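This report describes selected local features of one protein model. The sequence and the structure are shown first.

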Amino acid sequence: MAKKHTLFLLAFLFLMMLINGGKGQGVADNSAYGLVSDGVGEVQQSAFVVFKNWASSDSCDQTYGFLPCTTTVLGNIFLILVYGYLMFIAAKFLSDGSEILLGILGPGIIGGLFLPVLSAFPDAVIILASGLSGSKETAQSQVSIGMGLLAGSTVMLLTILWGSCIIVGKCDIENSEATDLKDTRGFSLTGSGVSTDIWASYAARIMVISVIPFIIVQISQVLHTTSQARLTVLISLIVSLSLLLSYCLYQVFQPRIQKRRLAYAKHKHLMSGILKHLKSHILGRLFTNNGEPNTEAIKKLFETIDVNSNGYLSVTDIRALIIGIQFDAADLDIDETVKSVMKDFDTTGDSQIDMNEFVRGMSRWLTKAKRSAIHAGSDGSNSLSTRYINDFNLRTREEQDKLEDQNEEEEVESIKNPKWNASKAVAMLLLGTVVAAIFADPLVDAVDNFSTATSIPSFFVSFVVLPFASSSEAVSAMIFASRKKLRTASLTFSEIYGSVTMGNILSLSVFLGLIYFRQLTWDFASEVLIILIVCILMGVFAGTRTTFPLWTSLMAFLLYPLSLVLVYVLDNYLGWS
């Protein structure tokens with residue numbers, strides 16, 4: 001596929017060289033005087049693809065002096081399709097090259113910094129081209145194209161792509177969770193859907209936080225203090241850049257965060273195993289009738305474990321306890337487990353646990369078990385001790401199993417010929433960057449010319465068209481979601497939320513930089529409103545649940561036309577812009 005894209009790109013550039021107009025000597029028509037020109041006068045000959053014969057005789061300015069242009073509707077549609085496809089190729093090169101490097105070098109800096117930045121690079125380049133070239137007046141008129149792309153990308157990803165991934169990735173929902181590879185209920189609005197892991201929910205919550213710069217930049221307009229407009233733009237730019245840096249650092253350290261979460265899950269499973277074992281070896285209840293830890297029972301338990309009856313539990317006593325429990329985990333590290341228990345109970349650091357330390361430590365563990373059972377809505381006829389501890393044991397085992405499965409699936413095979421693939425990845429990244437940098441400006445010009453020819457606001461043209469040109473992850477996301485597994489669905493939706501987050505901070509940073517340094521006017525209240533509505537609505541919805549029935553895709557699809565209608569009404573009837 002990369003070879004086809006490269007051949008298409010080379011063929012297009014060769015065609016541009018052939019059809020480029022040039023200067024030459026012409027014969028002046030002086031027949032009225034019976035004279036013939038000596039050829040000294042130069043006559044500018046137009047390029048073939050200026051499309052003057054397509055229903056317009058107006059002239060147009062060729063980008064870079066040789067790329068084709070036109071003032072007609074059909075001609076600009078053609079150019080938008082061609083330049084849009086070239087931007088799609090650039091985005092594809094950047095995406096594929098980044099993924100190859102990710103496979104070779106692992107997450108860390110590549111996955112956390114370069115991959116997110118490069119995924120938003122085509123959008124950022126188009127936004128930069130919309131306000132960088134030309135006079136201040138030209139930049140002010142074209143910058144709405146950049147805002148259209150920014151808003152359109154956000155809305156498209158969270159509505160059309162999000163809903164499509166729900167449909168292609170749907171599985172049967174059983175016990176409030178989609179079952180992997182089981183799709184027998186057709187298009188049941190409530191019986192089929194998609195489930196994701198908690199990390200996808202975290203990504204959705206981060207996406208909500210990323211809209212903060214949009215809120216800040218609108219403060220001056222909300223308060224009707226136009227004199228402070230540049231100040232709010234500058235503050236919003238600083239906040240946006242800060243969020244960009246923070247998000248990249250989070251992505252860099254996310255694997256470590258996940259490993260720490262797995263370690264914490266193992267520790268909780270250790271707690272539940274010890275509590276369950278001790279409950280079966282104690283006369284009496286570990287909880288009182290009002291649900292509080294039973295101090296007297298805990299003291300008796302201490303005396304049972306203290307084999308030497310010296311008033312202290314040593315490392316040897318704890319080791320004997322853990323070996324006697326016979327945990328079901330085959331890879332349990334006894335030394336690490338003993339160290340973890342001692343760290344939890346031995347608050348004085350003297351390598352032994354006295355009666356008071358044991359009571360306080362057991363009380364903390366029992367309180368955590370109780371909170372877990374209450375959070376799960378546990379009820380039944382069993383005693384409080386049995387009910388709380390059994391539920392805690394079940395939940396910690398499920399959490400550990402999920403994290404271990406996820407950790408195992410993340411271990412991929414090593415890539416063959418790493419040097420060759422690394423060179424290939426770098427070449428793809430360079431080519432994608434060059435193509436995006438070259439064709440972003442003519443694409444913006446084509447959209448602006450099409451808007452002029454049709455009298456359609458350039459915002460709506462860029463809102464609808466450009467997101468599909470700069471987003472290469474749409475097709476791959478749906479293919480990935482169609483595998484109908486929780487793991488692949490989680491990665492798909494995390495990628496969607498991550499792309500929106502990068503758009504909200506990286507692309508917005510570029511946009512705000514243009515507004516501030518070129519001293520342009522910020523007048524995008526309606527556009528910002530739809531970004532806030534869609535991001536917050538979808539972010540809160542996806543951040544508070546992990547299972548999405550099929551009906552949620554209809555809700556997402558409906559948001560797309562509603563966003564367009566809302567902008568149109570606010571701009572044309574309420575005069576927001």
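**Salt bridges**

The model is predicted, and six salt bridges are found in it. Three of them are listed here.

| Salt bridge | N to O distance |
|---|---|
| D183 and K170 | 3.0 Å |
| D183 and K484 | 3.4 Å |
| R319 and D335 | 2.5 Å |

D183 pairs with K170 at 3.0 Å; the two are 13 residues apart, with D183 in the loop between strand 4 and strand 5 and K170 in the loop between helix 5 and strand 3. K170 has a relative accessible area of 5%, under the 20% limit, and therefore counts as buried. D183, at 29%, is partly exposed. D183 also meets K484. Because K484 belongs to the loop between helix 17 and helix 18, this pair ties together parts that lie 301 residues apart in sequence.

The bridge between R319 and D335 links helix 11 (residues 315–325) to helix 12 (residues 334–345). R319 is partly exposed at 31% relative accessible area, and D335 is partly exposed at 45%. Through shared partners, K170, D183 and K484 form one network of salt bridges.

An open sheet is built from four strands in the order 4-3-5-8, with antiparallel pairing. Strand 4 (177–178) and strand 8 (547–549) are the edge strands; each has a single partner strand, so one side of each lacks a neighbour in the sheet. Three bridges connect strand 5 (residues 192–195) with strand 8, and V194 has F548 as its bridge partner there.

Helix 4 covers residues 121–132 and spans 16 Å between its first and last C-alpha, close to the expected 16 Å. Nine of its 12 residues are buried, including D123, A129 and S130. Just after this helix, G134 adopts a positive phi of about 80°.

Helix 6, residues 198–209, reaches 17 Å, close to the 16 Å expected. Its buried residues include W199, A203 and M207. At its start, a side-chain oxygen of D197 comes within 3.2 Å of the backbone nitrogen of W199.

**Surroundings of Q142**

Q142 lies in helix 5 (residues 136–168). Its relative accessibility is 5%, below the 20% limit, so Q142 counts as buried. The side chain of Q142 makes a polar contact of 3.3 Å with that of D448. Beyond its neighbours within four places in sequence, Q142 has contacts that include A129, S130 and V444. Both A129 and S130 are among the buried residues of helix 4.

Technical notes: Residues numbered from 1 in each chain as written. Predicted model: local features only at pLDDT ≥ 70, side-chain atom pairs only at ≥ 80, totals over all residues. Heavy atoms only, no water. Expected span 1.5 Å × (residues − 1). Buried < 20%, exposed > 50% of the residue type's maximum accessible area, 1.4 Å probe, protein only. Polar contact = N/O pair within 3.5 Å; in protein donor to acceptor, adjacent residues only side chain to side chain. Contact = heavy atoms within 4.5 Å. Pairing = 2+ DSSP bridges. Salt bridge = Lys/Arg side-chain N within 4 Å of Asp/Glu carboxyl O.
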